[in-house]
Amino acid sequence: MSQPNLHLRRVFSDAFRQLERGRRFRPDISDIEVKFYPYAGLHHTIRVRAGRVYVRLSDLFQTAPPEVIRALAFLLVARLLSRKAPRDQERIYRAFAFSPQLLRASDLARRQRGRKVVSSARGTVYDLEKIFARLNRRYFDGKMEKPVLTWSQRRARSILGHHDAAHDTITISKTLDSREVPEWFVEYILFHEMLHIKHPARIINGRRYYHTSAFRSEEKGYPRYQQAQEWLERVMRKRHELRARAA
Ligand SMILES: [Zn+2]
């Protein structure tokens with residue numbers, strides 16, 4: 001089995017080993033998940049849930065040198081354990097984070113990403129993490145690595161779901177987080193996006209194909225595929241009418 005981000009996870013596991021001398025909490029490498037995330041500014045998070053450690057690093061650090069990532073791991077783990085971070089690690093992190101080059105990049109990211117704040121997978125009605133876990137178990141043998149799952153911030157979006165491979169993120173339209181939308185339809189939209197993870201885009205003659213025949217045939221195997229298509233048509237028709245009325 002492939003071990004995504006093994007190197008990053010090892011860096012965090014080391015930080016735990018060195019900072020947590022009391023051995024109260026020393027997660028195994030397999031219990032640590034590290035991902036880069038397109039935060040609007042310079043921002044990183046670490047949290048523990050059910051014994052697993054979830055780390056999200058600003059994607060501005062994707063090109064950071066190894067010693068900076070190591071320093072950042074120490075700072076985050078120290079924060080989590082309410083310990084004082086080692087001075088030298090703090091210095092290494094700051095030298096990089098406050099370099100003119102990074103400040104420029106983070107400024108740009110803030111402006112471009114604007115209000116694209118990090119939202120939660122838990123909506124008012126549906127919880128994307130729960131639905132993901134169920135679909136993963138049922139159709140992917142539980143083997144799919146969880147991407148970042150999020151509801152879109154703005155309600156009016158022309159697309160219902162989107163998979164961003166570069167940022168390992170699935171975004172589902174907030175319009176579906178409603179009691180008027182059946183859960184199986186939300187499930188289908190998420191299932192479709194999960195298939196994009198399983199079947200990466202193929203490039204043929206310089207063109208990118210997202211819905212390959214393998215993708216399509218697996219999608220058609222979804223038990224409520226036909227019903228979902230009908231609902232999809234209804235949604236599209238409704239939107240079209242709304243637009244016509246507004247025009
Ligand atoms: Zn698609």
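**Entry 1: E4 and its sheet**

I looked up strand E4 (residues 148-151) and strand E6 (residues 169-172) and found that they pair in the parallel sense over four bridges. Two strands count as paired if DSSP finds at least two bridges between them. Helices (H or I, at least four residues) and strands (E, at least two) are DSSP runs, numbered from the N terminus. I noted as background that strands of a sheet pair through backbone hydrogen bonds, either parallel or antiparallel.

This is a predicted model, in which local features need pLDDT of at least 70 and side-chain atom pairs count only at pLDDT 80 or more, while totals for chains, interfaces and linings use all residues. Residues are numbered from 1 along each chain as its sequence is written, and side-chain values use heavy atoms, with hydrogens and water left out.

Which residues of E6 stand opposite Leu-149 and Trp-151? I found Ile-170 opposite Leu-149, and Ile-172 opposite Trp-151. In a regular strand the side chains alternate between the two faces of the sheet. In E4, Val-148 and Thr-150 point one way and Leu-149 and Trp-151 the other way. All four are buried, a word that stands for under 20% relative accessible area, with exposed over 50% and partly exposed in between (1.4 Å probe, protein chains only).

The sheet is open, has three strands in the order E4-E6-E5, and its pairing is mixed. E4 and E5 are the edge strands, each pairing on one side only. Neighbouring strands are turned by 15 degrees against each other on average, direction ignored. For such values, axes are lines fitted to C-alpha atoms, for helices over the stretch in contact, and angles run from 0 to 180 degrees between N-to-C directions.

I then checked which helices lie on this sheet. H5 packs on the sheet and touches E4 and E6, its direction making about 130 degrees with that of E4. Contact here means heavy atoms within 4.5 Å. H6 lies across E4, E5 and E6 and runs at about 155 degrees to E6.

**Entry 2: His-162**

I found His-162 in strand E5 (residues 161-164). Is it buried or partly exposed? His-162 has 35% relative accessibility, so it counts as partly exposed. Not counting residues up to four places away in sequence, His-162 touches Thr-169, Ile-170, Thr-171 and Glu-193. His-162 and Ile-172 are ten residues apart in sequence, and their C-alpha atoms are 6.5 Å apart in space.

**Entry 3: H6 against H7**

Two packed helices are described by the angle between their axes and the distance between the axes. For helix H6 (residues 183-198) and H7 I wrote down about 150 degrees and 10 Å. The contact involves Tyr-188 and Phe-191 of H6, among others, and residues of H7 including Phe-215 and Arg-216.

**Entry 4: aromatic rings**

I counted rings of Phe, Tyr and Trp (its six-membered ring) as a pair if their centres lie within 6.5 Å; planes under 30 degrees apart are stacked, over 60 edge-to-face and the rest tilted. The count comes to 14 aromatic pairs. Why is the pair of Tyr-139 and Tyr-222 called tilted? Their ring centres are 5.7 Å apart and their planes stand at 55 degrees, so the pair is tilted. Tyr-139 is in helix H5 (residues 128-139) and Tyr-222 is in the loop between helix H7 (213-220) and helix H8 (225-246), 83 residues apart. Tyr-139 is partly exposed at 27% relative accessibility, whereas Tyr-222 is buried at 3%. Ring pairs link both into a cluster that also includes Trp-184, Tyr-188 and Trp-231.

I also looked for charges over rings, meaning NZ of Lys or CZ of Arg within 6 Å of the ring centre and within 35 degrees of the ring normal. The charged end of Lys-174 sits over the ring of Trp-151, 5.9 Å from its centre. The charged end of Arg-49 sits over the ring of Tyr-54, 5.4 Å from its centre.

**Entry 5: the other sheet**

A further open sheet has three strands in the order E1-E3-E2, with mixed pairing. Strand E1 (32-37) and strand E2 (45-49) each have a single partner strand, so one side of each is left without a neighbour in the sheet. E2 and strand E3 (residues 52-58) run antiparallel and are joined by five bridges. Ile-46 has Val-55 of E3 as its bridge partner.
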